[in-house]
Amino acid sequence: VNMPLFPGHLQMEAVAQFGVFLILKLLKDNKLLPTLTGTEFPELNTMAPPGETLTMMATIRLVDRRKLTFEALIENRYTRSSGKVQGMLLSPRVLKKMLSSFETDRESSDAPSED
């Protein structure tokens, strides 16, 4: 069948991105950025064909000063899937430092060897 679908793993990604959007809107301290650290969606065998209504709901919790979790539910007429998305609130300086460590690793592995 040649029909486009919106698969479960992309639905989970949409929930995570929407959660980050909501967190940015709710933050009173504009100096912190939400950062995704993990997801737990045990059942991602859901699909949504074109024209299907997809419901996404989440409860956002600030576990401690910097740790975020939100419990999410994805539902349509075919299935229902629930899971968790975890994240952290980081300062831009810390986030930049973390990202630069990945760039250094990649650049050193791309460098030609002198053998």
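Accessible areas here come from the Shrake-Rupley method with a 1.4 Å probe.

**Figure 1. Overview of the chain in a predicted model.** The chain exposes about 8500 Å², and carbon and sulfur atoms supply 55% of that area. Of its 115 residues, 29% count as buried. Two helices and four strands make up the secondary structure elements of the chain, and along the sequence they follow the pattern α-β-β-β-β-α. Among contacts with a separation of 6 or more, 63% are accounted for by residues 24 or more positions apart.

Figure 2. Rolling a probe the size of a water molecule over the atoms shows where empty space is left.

**Figure 3. Residues that line the largest cavity.** The lining consists of Val 20, Ile 23, Pro 34, Thr 35, Leu 36, Leu 68, Phe 70, Val 85, Gln 86, Gly 87 and Met 88. E4 provides the largest share of this lining, with four residues. By residue type, the lining divides into eight nonpolar and three polar residues, with no charged residue.

**Figure 4. Salt bridge between Arg 77 and Glu 52.** Side chains of opposite charge can pair when their charged atoms come close. This pair is joined side chain to side chain, with an N to O distance of 2.6 Å. Glu 52 counts as buried because its value, 17%, is under 20%.

**Figure 5. Salt bridge between Arg 80 and Glu 75.** The structure holds two salt bridges, and one of them is formed by Arg 80 with Glu 75. The closest N and O atoms of this pair are 3.2 Å apart. Glu 75 has a relative accessibility of 28% and therefore counts as partly exposed, a class that covers values between the 20% limit for buried and the 50% limit for exposed.

Definitions and conventions. Residues numbered from 1 in each chain as written. Predicted model: local features only at pLDDT ≥ 70, side-chain atom pairs only at ≥ 80, totals over all residues. Heavy atoms only, no water. 1 Å grid on protein atoms, 1.4 Å probe; cavity = no way out; pocket = protein on both sides within 12 Å on 5 of 7 lines; lining within 4 Å. Nonpolar A, V, L, I, M, F, W, Y, C, P; charged D, E, K, R; others polar. Salt bridge = Lys/Arg side-chain N within 4 Å of Asp/Glu carboxyl O. Buried < 20%, exposed > 50% of the residue type's maximum accessible area, 1.4 Å probe, protein only. Contact = heavy atoms within 4.5 Å.
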